Amino acid sequence: MKLDTRNTYAARMLKVLNHIQRNLDEPLNLETMAGLAHFSVSHFHRVFKGMLGETIMDHLRRIRLERAYARLAQTRETVTDIGLAAGYDSTEAFSRVFRKTFGLSPTECRKQGWTKLYPEAPSGVHYSPGEIVEFVLNETGEAVMNVRIEILPEIRIASVRQTGPYMESAERAWGMLCGWAGPKGLFSPTTMMIGISHDDPQATPPEEIRYDAAISLESDIAVEPPLALGSLPGGEYAIFTHQGPYAGLEETYKTIMSQWVPTCEREFRDTPWFEIYRNDPTTTPPAQIITDIHIPLK
């Protein structure tokens, strides 16, 4: 598939993906979705599966389940109502599929809180309350990463900065931060684990790379050096989800910088890019580790 054709097909599929995510509670009509992509129904099926790596119905079921996961972790809606909204006629059926998909029951999900442990998807397209504005294609025309826009509130943080080679400084910073925050009971299901890299490893000497390990705060607290209090500004962010070991983050950043940034029509704010680590790497299989990369937009 030629580059121009891939880009045209990607733009068409974006309309379909956003239509799905905005209308999850409505019956989704195949003819309508095919029309949005300017394909016949039969051609739409083939192109969708070829680009997204799953059928349209498998995609719809997965996105509804992921929304159910988010609602269980973030709201007080009943399990029954969430299951019905996901398309299941009984709590038993919903719970059975939910456990098979996420490896835990709806009740366990609610107790655990928001870790965004979504099942791996070939396209990287997952449920999001924000708008999917682009997805990146590989050389064969398959979607491998999606970009979405979300408006975030200001995030108050406590952080520790360390300097040196990225992996070493990150390990030291997290060790210091967790050693301080743990005994104070600052970790909860809603606490965000945040990494802020201030320097490009490709352009900065390893010994000068600055990395901040940070956690979100829900209340005021006193700190002493090397701890610092601060905030990440609210506003619009482009968000990319990296699934897999942290060692692969550099390759994801390369993809962002080489394939998305040169064609992006938005301007960037002069504030830090940051990462939110959605699950615990000590208890999560490496292939299921989720990292959301946040790029601030004007």
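1. Is C109 buried or exposed? C109 has 0% relative accessibility and therefore counts as buried (under 20% relative accessible area is buried, over 50% exposed and in between partly exposed, with a 1.4 Å probe and protein chains only). C178, at 32%, is partly exposed. The whole structure has 0 disulfides, a disulfide being a pair of cysteine sulfur atoms within 2.5 Å.

2. On the basis of the values: this is a predicted model, in which local features need pLDDT of at least 70 and side-chain atom pairs count only at pLDDT 80 or more, while totals for chains, interfaces and linings use all residues. Residues are numbered from 1 along each chain as its sequence is written, and side-chain values use heavy atoms, with hydrogens and water left out.

3. Helix α4 covers residues 56–74 (helices are DSSP runs of H or I with at least four residues, strands are runs of E with at least two, and both are numbered from the N terminus). Its 19 residues should span 27 Å at 1.5 Å a residue, and the end C-alpha atoms are 27 Å apart, so the two agree; the expected span is 1.5 Å times one less than the number of residues. Of the 19 residues in α4, 15 are buried, which leaves the helix mostly covered.

4. The structure holds 12 aromatic pairs (rings of Phe, Tyr and Trp, the last by its six-membered ring, with centres within 6.5 Å; planes under 30 degrees apart are stacked, over 60 edge-to-face and the rest tilted). In one of them, W174 and Y277 have ring centres 6.0 Å apart and planes at 75 degrees, so the pair is edge-to-face. This pair links distant parts of the chain, with W174 in helix α8 (residues 166–181) and Y277 in strand β8, 103 residues apart. Both W174 and Y277 are buried.

5. Y277 also pairs with Y246: the centres are 5.4 Å apart and the planes at 70 degrees, so this pair is edge-to-face. Y246 lies in the loop between β7 (235–243) and α9 (249–260), so its pair with Y277 in β8 ties together parts 31 residues apart in sequence. The relative accessible area of Y277 is 11%.

6. Two further aromatic features can be listed. Y69, Y88, F94, F98 and F102 form one aromatic cluster. The charged end of R269 sits over the ring of Y237, 4.9 Å from its centre; this requires NZ of Lys or CZ of Arg within 6 Å of the ring centre and within 35 degrees of the ring normal.

7. Strand β4 (residues 193–197) runs antiparallel to β5 (residues 210–216), joined by 5 bridges, and antiparallel to β8, joined by 3 bridges. Strands pair if DSSP finds at least two bridges between them. S197 stands opposite Y211 in β5, and G195 has E275 in β8 as its bridge partner.

8. T284 sits in the loop between β8 (274–277) and β9 (290–296). T284 is buried at 12% relative accessible area. Its side chain reaches the backbone oxygen of D280 at 2.7 Å.

9. T80 belongs to helix α5 (residues 79–85) and, at 40% relative accessibility, counts as partly exposed. The side chains of T80 and T91 make a polar contact at 3.1 Å (a pair of N or O atoms within 3.5 Å; within protein, one must be able to donate a hydrogen and the other to accept it, and residues adjacent in sequence count only if both atoms are side-chain atoms). T80 and S90 are 10 residues apart in sequence and 7.3 Å apart in space, C-alpha to C-alpha.
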